[in-house]
Amino acid sequence: MARRYLPWGPRTGVDVSDLSFLPDSVLWPLRRDGLDPVAEVGRRRAQEPISRLPVPFGVRAWLVTGYEEARAVLGKVDGFSNDFGNLVGSAGVGAQHNPGGLGFADPPVHTRLRRLLTPEFTMRRLSRLAPRIDAIVAERLDAMARIDGPVDLWREFALPIPSLTICELLGVPYSERDDFQRLSTARFDLGGGAGTPLGAMSQSVSYLLDLVAQQRRSPGDGLLGALIREHGDAIDDRELAGLADGVLTGGLETTASMLALGALVILRDPTAAELLAGGDGEMVNRFVEELLRHLSVVQVAFPRFATRDMEIAGVTIAAGDVVLCSLSGANRDPVLGGDLEKVDPTRPPRPHLAFGHGFHRCVGAELARMELRTAYPALVRRFPGMRLAVAPGQVSYRKASIVYGVDSLPVLLS
Ligand code: HEM
């Protein structure tokens, strides 16, 4: 089914050619120095935690790098809009690019859709996935052990674990997961201009519309089937496809990047690996929270559009301004205490914004934690001698992605 919307080639019905170049003045908050945000993020946080970001297209934008300031923006229940309509008309973005779902929706639409989705993410509902996650991780470790020579940890471990977990959660046929990994990766990669993410967005929504139609005919055991059985009349196909798209793209690349970058941290610090391998559940949970904070793979939250003039932390934001919250900056703010530029697996957990804050806070946070808490210890226990197969300076990081990550991660397992 997905084949119809892929492969990459002439775009199908989406003309975003005029977005083929985004200048560095917009992209720099997404750049990093290895695992660390570029130094300018920290400089701005110290001097001006809410500062102007010069973007083209006649937009007045702000970058928020401080923890309290970002929390104030994300936690505001009125005064900001996430609605996709705010982007329409600027720089070639059309209403047809709207992926639907929660991230680009405002109340009351957001409230209604989120209420439908939340029950699918309670610990009780998620617990049915725990044995599946154990099995997926074990199967991946076995598959890696069978490979001779260097193993690409990104391709063999980091990407398939959340991919198979989400396929399981949603009820997406396994045979289509390769196509989806391609779509999701392209979705977040702004390095080649905004054309790629918008194209990928339209393609995955088209694909999911087909999947929804299939599930309407015969609802399966996954989240889509459950939503159709329980709320089939209250939600239309486009909304269902949008919700599924949000879950898929929200849960795949984010968790995959956490797995890959977390593995890098573990590879460069043998003590961390020992702590994880020998640690109890509490130790593992603490480590995972520290990695979530330190790595902040979702670098910048969805853009917030001011709907009225307001003052935040002494800065006047005018109606129509766009506010970008740097989660990677906020999560290293010294106000949280200690040297947060370093990873300290034994640090008592610090509050962090890795999953956002407020009513758009990540709906899949507990699922992501389940995956990370299972996968990291299993990896270090199975391959205690694992090491990088390339020099640390040769690891290929994403150049400018909303979700930071690697293109590949070659390791030797023993
Ligand atoms: C470590 C992995 C993950 C990280 C770091 C992460 C991070 C985030 C962040 C920062 C937001 C809020 C963005 C904002 O307010 O602008 C968010 C929202 C969201 N996430 Fe995640 N996420 C992860 C995993 C997942 C998973 C596993 C799923 C689902 C299976 C998921 C689904 C969503 C959805 C649907 C939203 C939109 C919520 C709303 O707007 O109400 N995420 N995520």
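Me: Where is Ala 244 placed, and does it count as buried or exposed?

Reply: This is a predicted model. In it, Ala 244 lies in helix H12. Buried means under 20% relative accessible area; Ala 244 has 1% relative accessibility and therefore counts as buried.

Me: Which residues does Ala 244 touch, leaving aside those up to four places away in sequence?

Reply: Ala 244 touches Leu 170, Leu 208 and Leu 224. For the protein chain as a whole, 73% of the contacts with a separation of 6 or more are between residues 24 or more positions apart.

Me: At what angle do the axes of H12 and H14 cross?

Reply: The axes of H12 (residues 237-268) and H14 (residues 281-295) come within 10 Å and cross at roughly 105 degrees. Angles of 65 to 115 degrees count as roughly perpendicular, so H12 is roughly perpendicular to H14. On the H12 side the contact includes Met 258, Leu 261 and Val 265, and on the H14 side Phe 287, Leu 291 and Leu 295 are among the residues met. By class, this contact has eight nonpolar, two polar and one charged residues.

Me: Which protein atom is a donor of the iron atom of the ligand?

Reply: The only protein donor is the SG atom of Cys 362, at 2.3 Å. Cys 362 is located in the loop between helix H15 (327-330) and helix H16 (365-382). H16 itself has 18 residues and reaches 26 Å from its first C-alpha to its last, close to the 26 Å expected at 1.5 Å a residue. Its buried residues include Leu 367, Arg 369, Glu 371 and Tyr 376.

Me: Are Ser 296 and Ala 313 buried or exposed?

Reply: Ser 296 counts as buried, at 1% relative accessibility, whereas Ala 313 is exposed, with a relative accessible area of 58%.

Me: Which residues does a cis peptide bond join?

Reply: A cis peptide bond joins Pro 107 and Pro 108, with omega about 5 degrees. Pro 108 is in the loop between strand S5 (80-81) and helix H4 (109-117).

Key. Residues numbered from 1 in each chain as written. Predicted model: local features only at pLDDT ≥ 70, side-chain atom pairs only at ≥ 80, totals over all residues. Heavy atoms only, no water. Axes fitted to C-alpha atoms, helices over the stretch in contact; angles between N-to-C directions. Helix = DSSP H or I, 4+ residues; strand = E, 2+ residues; numbered from the N terminus. Parallel < 35°, antiparallel > 145°, perpendicular 65-115°, else oblique. Contact = heavy atoms within 4.5 Å. Nonpolar A, V, L, I, M, F, W, Y, C, P; charged D, E, K, R; others polar. Donors = N, O, S within 2.8 Å, 3.2 Å for Na, K, Ca; no water. Expected span 1.5 Å × (residues − 1). Buried < 20%, exposed > 50% of the residue type's maximum accessible area, 1.4 Å probe, protein only.
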